[in-house]
Amino acid sequence: WLRFWFEPISTVPLALYRIVYGLIVLWFGYVLAPDLIFWFGTESPVSNPVPREWPSEILLDPLILFPRSDTTIQIAFAILMAAAFSLTIGLFSRVSAVLVFLGLVSFHHHNWLILNSGDTIMRISAIYLAVSNCGDALSVDRLIKTYRSGGKESRTPQPKAPWAQRLMQIQLTLLYCQAFFSKIAGEMWVNGTALYY
């Protein structure tokens, strides 16, 4: 049990995950950018009161703290993309992951009708990255740390406890199991018509 959670392992796999994840968030932004104001602006199909009042379980949405305007949406989107780029290259990795999480949560809560469960995984992954050692390898953070140590810090990243990585693995496994069992119980996935929908 202790070995599974805490025996130090290489930080390179988590760093590779960070890079791929950052690229996915950047791609999400690239796809969304042309229609950003249509989906999230003041005249979006989801009217202004909807993201503020329904669904009622929304507890975290930094965008509602600011005046609702197209400019606010564009600035928030630019911050999200800058944080995603910073996370991808591993600059201020943990802070960047928190900013990505807050940005994704805000945009997802402002128009959750256009999202799917993959977007939920995207949000959750940002939190796991924020509490992990994802910037310890293949990152600008690592280069800065090595440079500041004056050569005392090894160029090869040291193994670290993988508990955050294990949490991500367990979360993903449970989600796939839950998705499989919920889909296999119905007819649409078994006979193939769900792919049409």
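Reply: Let's begin with what a pocket is. Residues with an atom within 4 Å of a point count as lining. Grid points are joined across faces, edges and corners, and the volume is the space filled by probe spheres set on the points.

Me: Okay, and what kind of model is this?
Reply: This is a predicted model, where local features need pLDDT of at least 70 and side-chain atom pairs count only at pLDDT 80 or more, though totals for chains, interfaces and linings use all residues. Numbering runs from 1 along each chain as its sequence is written, and side-chain values use heavy atoms, with hydrogens and water left out.

Me: So what's the volume of the largest pocket?
Reply: About 330 Å³. There are 17 lining residues, and the closest to the centre are Ile 24, Trp 27, Phe 28, Asp 119 and Met 122.

Me: Which helix gives the most to that lining?
Reply: That's H2, with eight residues. Helix H2 (12-32) and helix H7 (117-130) each supply at least two residues of the lining.

Me: Zooming out, how many helices and strands does the chain have?
Reply: It has 10 helices and zero strands. Both are DSSP runs numbered from the N terminus: helices are H or I with at least four residues, strands are E with at least two. Along its principal axes, the C-alpha trace spans about 55 × 45 × 25 Å.

Me: What share of the residues count as buried?
Reply: 37% of the chain's 197 residues. Buried means under 20% relative accessible area, exposed means over 50%, and partly exposed is in between (1.4 Å probe, protein chains only).

Me: How does H6 do on that score?
Reply: 13 of its 18 residues are buried, so H6 is largely enclosed by the rest of the structure.

Me: And what span should H6 have?
Reply: The expected span of a helix is 1.5 Å times one less than its number of residues. For H6 (residues 93-110) that gives 26 Å, and its end C-alpha atoms are 26 Å apart, which agrees.

Me: Where is Leu 138, and what's its phi?
Reply: Leu 138 is in the loop between H7 and H8, and its phi is near 50°, again positive in a residue other than glycine. Leu 138 is partly exposed at 45%. Ser 139 lies in that H7 to H8 loop too, but Ser 139 is buried, at 7%.

Me: New topic: how many salt bridges does the count come to?
Reply: One. The rule asks for a side-chain nitrogen of Lys or Arg within 4 Å of a carboxyl oxygen of Asp or Glu. Here the side chains of Asp 136 and Lys 160 meet at 2.7 Å, N to O.

Me: What does that pair tie together?
Reply: Asp 136 lies in the loop between H7 and helix H8 (140-148) and Lys 160 in the loop between H8 and helix H9 (163-184), so the pair ties together parts that are 24 residues apart in sequence. Lys 160 is partly exposed, at 31%.

Me: Which residues make the nonpolar surface patch?
Reply: Trp 1, Leu 2, Phe 6, Val 131 and Trp 163 make a patch of about 610 Å². Patches use residues with over 30% relative accessible area and no salt bridge, joining like charges within 9 Å and nonpolar side chains (Val, Leu, Ile, Met, Phe, Trp, Tyr) within 5 Å. The areas come from the Shrake-Rupley method with a 1.4 Å probe, and for residues only the protein chains shown count as cover. Phe 6, for one, is in helix H1 (residues 2-6) and is partly exposed, at 46%.

Me: Last one: where's Ile 73, and is it buried or exposed?
Reply: Ile 73 is in helix H5 (residues 70-89) and is buried, at 3%. Its C-alpha atom is 36 Å from that of Phe 180, 107 residues away along the chain.

Methods:
1 Å grid on protein atoms, 1.4 Å probe; cavity = no way out; pocket = protein on both sides within 12 Å on 5 of 7 lines; lining within 4 Å.
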